Amino acid sequence: VVAAVCHGPMSLVKAKGKDGAPLVKGKQVAVFTDVEEGQVALTGKVPFLLEQKMKELGAQVKVADPWSDSAVRDGKLITGQNPQSPVSVAKLVVEALAA
C-alpha cells in the first residue's frame, strides 16, 4: 500500500509501473490542487503544479472544493488532496490493509 497526502504525491511523478508507464496513469488520485496552490501563493515557487502534472501523466485527478477533506483509493494507491485529508487517507489505508 502506498499513501500520500497534499504535496506528497509529488514523490510519484517519476515512479513507473512494470510496463514502464507512469505509475499513476489511469489511476484515480487526489492531490493538492492548482486552485489551492494559487490560494497559498506558491504557484511560482513549486517546480510544477501537481494537479496539472498528474493529468499530464494520465492520472484521473479527483478535485474537491478547496480545503475540503478528500481522499481516494485506487487499488493499493491512496491519496489525499490537502492538509484536511489525512484522517480519511488513514481510514482508506486501514481498509486496504484489511482487504
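Where does Val40 lie? Val40 is placed in the loop between helix 1 (34-39) and helix 2 (50-56), where helices (H or I, at least four residues) and strands (E, at least two) are DSSP runs numbered from the N terminus. This is a predicted model, in which local features need pLDDT of at least 70 and side-chain atom pairs count only at pLDDT 80 or more, while totals for chains, interfaces and linings use all residues. Residues are numbered from 1 along each chain as its sequence is written, and side-chain values use heavy atoms, with hydrogens and water left out.

The overall architecture comes next. The protein has 3 helices and 5 strands, and along the sequence these follow the pattern β-β-α-α-β-β-β-α. The C-alpha atoms fill a box of roughly 40 × 30 × 15 Å along the principal axes. For 99 residues, a compact globule would have a radius of gyration near 13 Å, and the value of 13 Å for the protein agrees with this; the radius is taken over C-alpha atoms, and the globule rule is 2.2 Å times the number of residues to the power 0.38. Residues 24 or more positions apart account for 58% of the contacts with a separation of 6 or more, a contact being heavy atoms within 4.5 Å.

Burial can be considered next. Of the 99 residues, 36% are buried; buried means under 20% relative accessible area, exposed means over 50%, and partly exposed lies in between (1.4 Å probe, protein chains only). The protein exposes about 5,400 Å², of which carbon and sulfur atoms supply 57%. These accessible areas come from the Shrake-Rupley method with a 1.4 Å probe, and for residues only the protein chains shown count as cover.

In soluble globular proteins, nonpolar side chains tend to be buried together. The largest nonpolar core here has 11 residues: Leu12, Val13, Val24, Val29, Val31, Leu50, Met54, Leu57, Ala59, Val61 and Leu77. Apart from it lies another core, of 6 residues, among them Val89, Leu92, Val93 and Ala96. A nonpolar core is defined as a set of buried Ala, Val, Leu, Ile, Met, Phe, Trp, Tyr and Cys residues joined through side-chain atoms within 4.5 Å.

Not counting residues up to four places away in sequence, Met54 touches Pro9, Leu12, Val13, Val24, Val29, Val31, Ala59 and Val61. With the same exclusion, Ala59 is in contact with Val24, Lys25, Gly26, Lys27, Val29 and Met54. The C-alpha atoms of Met54 and Ile78, 24 residues apart along the chain, are separated by 14 Å.

The buried residues of helix 3 are Val89, Leu92, Val93 and Ala96. They cover an arc of only 105 degrees around the axis, which puts them on the same side of helix 3; the arc is that of the directions from the helix axis to the C-beta atoms. An α-helix has 3.6 residues a turn, so residues three or four places apart point the same way. The face turned away from the buried side carries the exposed residues Val87, Lys91, Val94 and Ala98. Cover for the buried residues of helix 3 includes strand 1 (2-5), strand 4 (71-74) and strand 5 (77-80).

Pro86 is also found in helix 3 and, at 40% relative accessibility, counts as partly exposed. The C-alpha atoms of Pro86 and Val5 are separated by 6.5 Å, although these residues are 81 residues apart along the chain.

Two loop residues call for a look at the backbone. Most residues other than glycine have a negative phi. Cys6, in the loop between strand 1 and strand 2 (28-29), has a positive phi of about 65 degrees although it is not a glycine. Cys6 is buried, with a relative accessible area of 13%. Trp67, in the loop between strand 3 (60-61) and strand 4, has a positive phi near 65 degrees. At 32% relative accessibility, Trp67 counts as partly exposed.

Trp67 leads back to Val40. Not counting residues up to four places away in sequence, Val40 touches Phe32 and Trp67, and at 35% relative accessibility Val40 counts as partly exposed.
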